[in-house]
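Let's take a walk through this structure together. Have the sequence and the 3D view ready, and follow along one piece at a time.

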Amino acid sequence: MNIAAIVLTGGQSSRMGRDKAFIEIKGQPLLTHICTAAQQVTEQIYIVARAEQVDAIHKLSQGWRVVIDQQLDGAMIGFWQGLQAIAEPCDWILLLACDLPNLHGQTLQIWSQQLDHSLTAIAYLPKHNDHWEPLCGFYAWHCQSSLAQFIQSGRRSFQHWLQEQVVIEIDHRASPMLLNCNTPKDLERHLLTEFGTTD
């Protein structure tokens, strides 16, 4: 099974007040944590980033490919730009946000072992409160046709796109892994859970 990973860091982090990709948890930037987890599944890692993030990412990089987000028009467009940068067709693309502090490479590995490229589904994703978690799961290479049509129609919502597609739900029991650190309170909640302190 040939898999590539796309990690999105291009958001403005306005609610956090600082760049989420470089927040340190357990002594390493979140971006490094995400990419290290992704490396349990693939060595092909593409980071979609704002131009001003590139130098800092290169200092962290372990062979990761950086794709500059030319449009800054949300996660779906970032995903599309990452797809266009992948040199060779693959079976599945692991799409991850850069703000998942509880992400575990072993869990991603388990999920990847359940993928079946013979299925017609365009994605293999976890669900939370009846909503898909689009930035922590796998997309089939052939999703690009429907994604292109959706984008060309002017729409940008992952939820609306996925509602129109065949998606397989990941049977996940470790919902804390899906915690996004979008705000300082989210980060504080993670630190309290992980360490029992916010110091």
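Start with helix H4 (residues 105-112), whose buried residues pack against E1, helix H1 (30-38), strand E6 (92-97), strand E7 (123-125) and strand E10 (136-140). Bear in mind that you're looking at a predicted model. Which residues of H4 are the buried ones? They are Gly 105, Thr 107, Leu 108, Trp 111 and Ser 112. Those residues span an arc of only 160 degrees around the axis, so they sit on the same side of H4. There's a simple bit of background here: an α-helix has 3.6 residues a turn, so residues three or four places apart point the same way.

Now for the sheet. Seven strands make up an open sheet with mixed pairing, and they run in the order E5-E4-E1-E6-E10-E7-E11. At the edges you'll find E5 and strand E11 (167-169), each of which pairs on one side only. On average, neighbouring strands in this sheet are turned by 25 degrees against each other, if you ignore direction. H4 packs on the sheet, where it touches E1, E6, E7 and E10, and its direction makes about 30 degrees with that of E10.

Next, zoom in on strand E4 (residues 45-49). Why can we call E4 largely enclosed by the rest of the structure? Five of its five residues are buried, that is, under 20% relative accessible area, so the strand is largely enclosed. As a rule, side chains in a regular strand alternate between the two faces of the sheet. In E4, Ile 45, Ile 47 and Ala 49 point one way while Tyr 46 and Val 48 point the other, and all of them are buried.

Strand E1 (residues 3-8) pairs with E4 in the parallel sense over four bridges, and Leu 8 has Val 48 of E4 as its bridge partner. E4 also pairs with strand E5 (residues 65-68), again in the parallel sense and over four bridges.

Finally, how do you get from E4 to E5? Together with helix H2 (residues 54-60), E4 and E5 make a right-handed β-α-β unit.

Key
Residues are numbered from 1 along each chain as its sequence is written. This is a predicted model: local features need pLDDT of at least 70, side-chain atom pairs count only at pLDDT 80 or more; totals for chains, interfaces and linings use all residues. Side-chain values use heavy atoms; hydrogens and water are left out. Buried means under 20% relative accessible area, exposed over 50%, partly exposed in between (1.4 Å probe, protein chains only). Helices (H or I, at least four residues) and strands (E, at least two) are DSSP runs, numbered from the N terminus. Two strands pair if DSSP finds at least two bridges between them. A crossover is right-handed if, with the strands pointing away from the viewer, the path from the first strand over the helix to the second runs clockwise. The arc is that of the directions from the helix axis to the C-beta atoms. Contact means heavy atoms within 4.5 Å. Axes are lines fitted to C-alpha atoms, for helices over the stretch in contact, and angles run from 0 to 180 degrees between N-to-C directions.
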